[in-house]
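Here is a short briefing to read alongside the sequence and the 3D view.

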Amino acid sequence: MSDRIVEAYIGEYASGKSESAINRALELARKGRKVNLVDLDLVEPFYTLRPLQEELSRLGLEVIAWKTEETVGLGEAGTVIKPAARWALRRIGDVILDIGYGIEGARTLNLLEGADEDPDLKIFAVINISRPMTASVADIVAEVGTMGHVDGLINNTHLAEETTAALVQAGSRIVTTAANAMGLPVIATQAEEKLAGVIGPVDCMGNRVRPLKRFMPKAFW
Amino acid sequence: MTVAPVKEEKRVFMTGNEVVAWAALAAGADIMYGYPITPQNEVMHYWSRLAPRYGKSFLQTEDELSAGFATTGGVMTGSKAFTATAGSGSVLMQEPMAMAEMMRLPTVTIVQQRGGPSTATVIYSQQEVTLTTMGGNGEGIRVVYSTAGHQDLYDYTIKAFNIAWKYRFPTFVLGDGYQAKMREPLTIYDPEKRGVKLLQPDPFVGKEGEPGRDRPPAQYRNTYNLEEELYEKIMSDMKEFEENSADIAEYESSYTEDAELVIIAHGIVFRAVREALDNLRQQGLPVGAFRPVTLRPLPVGQIKELVARVKKILVVESAYGQIARLIKEKACGAACEIHTMFKPGIGIAAEEVEVRAKEILAKQ
């Protein structure tokens with residue numbers, strides 16, 4: 001069995017895909033693994049890991065993303081996939097993919113060479129129940145249902161600085177119920193480091209808790 | 001059977017464009033007409049995703065001229081109609097919105113400012129102040145709210161519909177690309193449950209009865225034959241606008257009572273000013289802050305009172321003097337020093353405002 005970890009983070013707009021991908025990549029890198037973090041967000045290439053790539057490189061990640069100065073008319077003039085991102089699955093080491101939002105984002109995986117035959121590729125949908133589009137079990141089932149193949153859900157319920165452990169747990173109950181309804185596993189519940197400490201290693205539904213460090217507030221445009 | 005889009009008060013996490021779509025639903029909007037332009041696209045995306053669930057409509061037109069005119073047509077049929085645009089799209093919308101001014105049509109337009117002139121950047125600026133307050137070939141017979149974050153976007157989008165239908169002035173909600181794309185928590189609510197009565201639209205055309213016999217004829221003109229006719233029309237509209245200005249105008253102010261320097265900003269820049277103000281006050285410095293929430297009509301009384309009383313003001317904006325021009329006009333004749341900090345097309349951080357404020361205070 002392959003030891004290689006290949007994960008794509010998809011989900012609703014502003015659900016926390018980039019934050020999830022960054023933190024997962026860093027978690028793996030801290031274990032001494034070689035990790036490629038790939039920006040495949042062609043839907044909205046502004047609010048992504050592009051502005052963070054230097055910081056993330058310093059933290060030991062191989063970051064595959066356009067540099068701001070390499071792009072023209074961000075978003076307005078269309079987005080060109082970076083060749084290194086298109087061939088990312090052929091790279092040595094783990095591959096963590098940050099995908100654009102919604103159905104169009106999920107479709108971006110079609111542009112990834114070898115995506116349909118990679119035995120290790122897992123696609124995780126990131127869910128925050130504080131977002132009205134994915135607030136209830138029915139909403140989540142409907143939303144994830146539009147996204148094509150999904151291997152698991154991630155509970156990323158939060159309200160930025162206002163997040164409480166109770167909110168994260170409420171998210172876990174709804175996300176887990178939705179996952180059960182779809183026959184999918186919950187891969188993790190994510191919470192900012194301090195809150196993760198309060199919740200403990202597993203949440204109220206028995207899902208593993210992944211502590212998050214927030215990078216995205218620094219990623220604006 | 002349609003259900004209320006926002007049943008109970010709830011803390012949520014959204015981007016600004018989504019907030020606008022939800023607010024329009026909560027305000028009872030019937031239809032959005034739009035044409036894509038960054039950074040307002042997700043207003044359309046979310047509205048068109050949500051609309052079918054609540055029995056609402058959406059029409060994508062071939063450009064902003066037709067989106068604007070379709071919005072005027074929508075309100076004339078008695079629909080709560082709105083549109084959203086930015087930058088060059090907003091330039092095109094001035095033609096239909098000038099007609100809305102002339103015909104006193106209660107259109108609601110969301111403007112998410114991007115860089116200018118022309119297509120410039122898709123990102124952010126505060127360079128659509130002049131355009132949004134005074135665009136078109138007329139006298140600016142319109143209401144403009146400038147928001148400073150997601151709660152404002154929600155509250156003032158809802159309010160815009162009521163103000164538009166109450167006074168029949170085209171109404172604008174002026175956001176920007178930062179607010180459009182940034183994400184933060186806010187409370188969504190059903191305005192009627194908070195005691196806000198949502199005005200019901202009534203049609204301008206196609207009314208019951210025979211015109212001239214059962215009711216006055218519905219004649220809405222944007223063309224007048226004689227100068228005197230136009231003069232009478234404009235003077236009557238301006239009189240009405242000015243008589244209602246004090247009721248419509250809104251502002252926010254803090255620590256201005258004992259301030260030597262008052263920092264003036266609008267929109268998202270005021271968030272940096274608030275933060276700078278907290279730091280400056282903690283250092284014991286006599287600084288205050290003032291934010292016009294309505295850029296048209298401006299809170300004229302408060303601005304005049306302020307400039308008559310304080311020694312110095314500092315106007316801060318992500319444009320090269322667009323809000324400053326409006327403030328200076330109202331400050332005309334006052335003895336206070338007017339300082340400016342213009343950063344067209346880029347964001348302004350609290351630290352830079354703080355540094356500038358200290359420099360100005362230090363100067364005798």
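In this predicted model, helix H5(A) passes helix H6(A) in a right-handed crossing. The two helices belong to chain A, with H5 covering residues 137–145 and H6 covering residues 165–182. The points below begin with this pair and then turn to chain B.

**Two helices in chain A**

- Two packed helices are described by the angle between their axes and the distance between the axes.
- For H5(A) and H6(A), the axes come within 9 Å and cross at roughly 50 degrees.
- H5(A) is therefore oblique to H6(A), since angles from 65 to 115 degrees count as roughly perpendicular and those under 35 as roughly parallel.
- On the H5(A) side, the contact is made by Val137(A), Ile140(A), Val141(A) and Val144(A).
- Their counterparts in H6(A) are Ile174(A), Val175(A), Thr177(A), Ala178(A), Ala181(A) and Met182(A).
- By class, the residues of this contact are 9 nonpolar and 1 polar, with no charged residue.

**The sheet in chain B**

- An open sheet of 7 strands runs in the order S3-S2-S4-S5-S7-S6-S12 in chain B, and its pairing is mixed.
- Strand S3 (57–60) and strand S12 (294–296) of chain B are the edge strands, each pairing on one side only.
- From one strand to the next, the twist averages 25 degrees.
- Within chain B, strand S4 (residues 81–85) and strand S5 (residues 108–113) pair in the parallel sense over 4 bridges.
- Thr85(B) has Val111(B), in S5(B), as its bridge partner.
- Helix H3 (residues 64–76) of chain B lies across S2 (31–34), S3 and S4 of chain B, and runs at about 160 degrees to S4(B).

**The two domains of chain B**

- Chain B is divided into domain 1, residues 10–194, and domain 2, residues 251–362.
- The C-alpha centres of these two domains of chain B lie 26 Å apart.

Key. Residues are numbered from 1 along each chain as its sequence is written. Chains are lettered from A and ligands numbered from 1 in the order in which they are written. This is a predicted model: local features need pLDDT of at least 70, side-chain atom pairs count only at pLDDT 80 or more; totals for chains, interfaces and linings use all residues. Domain bounds come from an automatic or database domain assignment. Two strands pair if DSSP finds at least two bridges between them. Axes are lines fitted to C-alpha atoms, for helices over the stretch in contact, and angles run from 0 to 180 degrees between N-to-C directions. Two residues are in contact if their C-beta atoms, placed from the backbone, lie within 7 Å. Angles under 35 degrees count as roughly parallel, over 145 as roughly antiparallel, 65 to 115 as roughly perpendicular and the rest as oblique. A crossing is left-handed if the near helix is turned anticlockwise from the far one by less than a right angle, and right-handed if clockwise. Ala, Val, Leu, Ile, Met, Phe, Trp, Tyr, Cys and Pro count as nonpolar, Asp, Glu, Lys and Arg as charged, and the others, Gly among them, as polar.
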